[in-house]
Amino acid sequence: MNKNNNKRLRGILLGAGFVALAAFLFTGCPSEQRMLDSGDAAQKVYVAPGDHDEFYGFFSGGYSGQLSVWGLPSARMLKVIPVFSQDPETAYGYSEETKPLFNTSYGFIPWDDSHHPHISQTDGNADGRWIFINANNTPRIARIDLETFQTKEILELPNTGGNHASSYVTSNTEYVIGATRFSIPYEKDLDVPIDSYSDEFRGSLSFIEVDQETGMMEVDFQIVVPPYNYDLGRAGKGISSDWVFFTTYNTEEAHTMLEVNASRNDKDFIAAVNWKKAAELVRDGHGKTMDAEYYHNHYNGKKQGYAVSEVKNEVTVLDTREIDENFIYYLPTPKSPHGVDVDPTGEYIVGGGKLATVIPVHSFSNMLEAIENDDIDDYIDGIPVLNYDATIAGEVENPGLGPLHTEFDGKGYAYTSVYISSEIVKWSLETFEVVDRIDSYYSIGHLMITGGDTVDPDAQYMVGLTKTAKDRYLPTGPKQNHPAQLYDISGDKMELLLDFPTIGEPHYAQSIKADKIVDQIAKIYEMEENDHPDALLRMTENRVERRGNDVHIYMGATRSHFRPDNIEGVKLGDDVYVHLTNMEQEWDVVHGIAIKGSQSTELLVPPGQTKTIKWTPTRTGIYPFYCTAFCSALHQEMQGYIRVSGPDSNVELTWSTNE
């Protein structure tokens, strides 16, 4: 479509009421199911026993707060990685090593809402070093190490209300980006009337710098922007890799009944930020320091050890109202845009207008030309608003109702999820015409192409992440697990292969070819590298130590016994710390420990790792403990006793293994 024709932005839906009616009419009513012959589909997803899948898929857990790992195309669930929520299976968030990861400026938060995972990149391709994921409610970003599949770090974001536009990385993982979904007063804990929204509330865009050796994150700077809702973000690629893009809605600056009041303007914006220039401005002293309080939680040890919490008290900000330099621009985008996605070349920036009847496709080249030509319609708080027709490359017409998110196959086609009409549309990046469409089951949100959001996607499979599963599986009561659909996109037509239930509510997923990371994955924690301060490096070092009212039990576990296994001299009023080291050096041989009456969870300890559980006895008596993981033929015999006496008892502190 010629850009001059784009002045006729037609058919914008008249309001949220119409959309709600459309949602009622269309949700759950796909028109026609198209899938491969069931035998062909089964053959395409079949991975024989003992064989491995071609891809790792990482699905966010939504309200479960976790990240699940799936093999694709078989849809075997491989693991749940605990991130933002306590996990009794692994004692994550219960063990002394991991409790500090949950500290925030609002206290200990044992749950959050995880949304968008993103694998670290080098030269625009997923490199398999780390995966980042955001907590939406109490704004945080976590880093998971893809050698151990373990959460190593969680960073809180200040001045942020709903960290939805996160956690997307730049082409060489220089930065992880985030943004406030809800604009809030920027001054810490400012108590003002809500109807002072336009005067007192502001938005913020966050740039978190990543250490290339360790992966450690640090808030480098934030950009203060007008009080809109900043919804999603993406980094540029290739020619646009110095830029990042955020969608906005609520340019009306409404603070009540947003489903109506934030849907009045025909266009909102995509904010295009030259992150490299913004970083240079910060280095040149253009930023200012503001008070802030946020937590940075991370493991202290190189391999193991305890997580620690650092409290930060300030942040550097760039306020667009105060800096006479252009480093951020608004691209008008219809209408209430949700997703913003960048094609593998970096040329096309696609908006997903929730209430639009077209998919707008901006051109990065046109954007630069508009900037060069001062083709500017307005300024908002110092931010130039570029002319829509000057930046647009085309509009995809007839995309369905409610286009949200777009991924690309690297072969010249884009795939957009359409929520209200429950479908996926495939369209050409050359003609901007829809060339195929297929139903989704039902109410699709994000979608993911294998290797997607990189400069070199693997255009084999696509996963649709949908919101309702009614009638797709055996029913499990009023609540069904959220489903995913696996599609074959290797041919001209999309074909449904499989659907399967997931964990929590996956909002987004990422995948990477298994052979990119499978050789780096640890099979054991090496005993000689165990830098946990309470580790047993040799079984003979087992012991019990009293330090005032704290009793520390240094315990080792091998098949099929604990050492020590008989402990006496613990008193009421003591806090007991059990430091359990799994002495095994064989892959996947785990041990655990549970103590009768313990207020916390049990421990589960992989080979070569040390974990600590705190127990405060409440009654005198004999307390059995046992291994919770079936580890050998004599697993049932792997047990012991702890004797707890009264507070004035003179029972001597002793331990033994009957040797």
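A: Happy to. Keep in mind that this is a predicted model.

Q: How do I read the area buried between domain 1 and domain 2?
A: The general idea is that an interface's size is often given as the accessible area lost when the parts come together. Here, domain 1 and domain 2 bury about 980 Å² between them, and carbon and sulfur atoms give 43% of that. On the domain 1 side, Glu-96, Glu-97 and Gln-304 supply 39% of the area buried against domain 2, more than any other three residues.

Q: What kinds of contact does the rule find across the interface of domain 1 and domain 2?
A: Let's take charges to begin with. Side chains of opposite charge can pair when their charged atoms come close. Across this interface, though, the rule finds zero salt bridges. What it does find is eight residue pairs in polar contact, with both partners at pLDDT 80 or more.

Q: How many salt bridges does the rule count in total?
A: The count comes to 33. For one case, look at Asp-341 and Arg-234: their side chains meet in a salt bridge, at 3.1 Å from N to O. Asp-341 sits in strand S21 (residues 337-342) and Arg-234 in strand S15 (residues 229-235), so this pair ties together parts that are 107 residues apart in sequence.

Q: Now the fold as a whole. How many helices and strands are there in the chain?
A: You'll find seven helices and 46 strands. The radius of gyration is 27 Å, close to the 26 Å that the globule rule gives for 659 residues, so the chain is as compact as a globular protein of that length. Along its principal axes, the C-alpha trace spans about 90 × 65 × 45 Å.

Q: Can we zoom in on a single residue? What does the side chain of Asn-261 reach?
A: To place the residue, Asn-261 belongs to helix H4, residues 258-261. Its side chain reaches the backbone oxygen of Thr-256 at 2.8 Å. The Asn-261 side chain also makes a polar contact with the side chain of Arg-264, at 2.8 Å. Leaving aside residues up to four places away in sequence, Asn-261 touches Glu-252, Ala-254 and Thr-256.

Q: What about the backbone? Is the peptide bond from Leu-72 to Pro-73 cis or trans?
A: The bond from Leu-72 to Pro-73 is cis, with omega near 20°. Pro-73 is in the loop between strand S2 (67-72) and strand S3 (76-81). Another cis bond runs from Arg-563 to Pro-564, with omega near -5°. Pro-564 is in the loop between strand S38 (561-563) and strand S39 (566-571).

Q: And is the phi of Ala-91 positive or negative?
A: Positive: Ala-91 has a phi of about 70°, although it is not a glycine.

Methods:
Residues are numbered from 1 along each chain as its sequence is written. Side-chain values use heavy atoms; hydrogens and water are left out. Buried area is the accessible area (1.4 Å probe) that two parts lose on being put together, summed over both. A salt bridge is a side-chain nitrogen of Lys or Arg within 4 Å of a carboxyl oxygen of Asp or Glu. A polar contact is a pair of N or O atoms within 3.5 Å; within protein, one must be able to donate a hydrogen and the other to accept it, and residues adjacent in sequence count only if both atoms are side-chain atoms. Helices (H or I, at least four residues) and strands (E, at least two) are DSSP runs, numbered from the N terminus. Contact means heavy atoms within 4.5 Å. The radius of gyration is taken over C-alpha atoms; the globule rule is 2.2 Å times the number of residues to the power 0.38.
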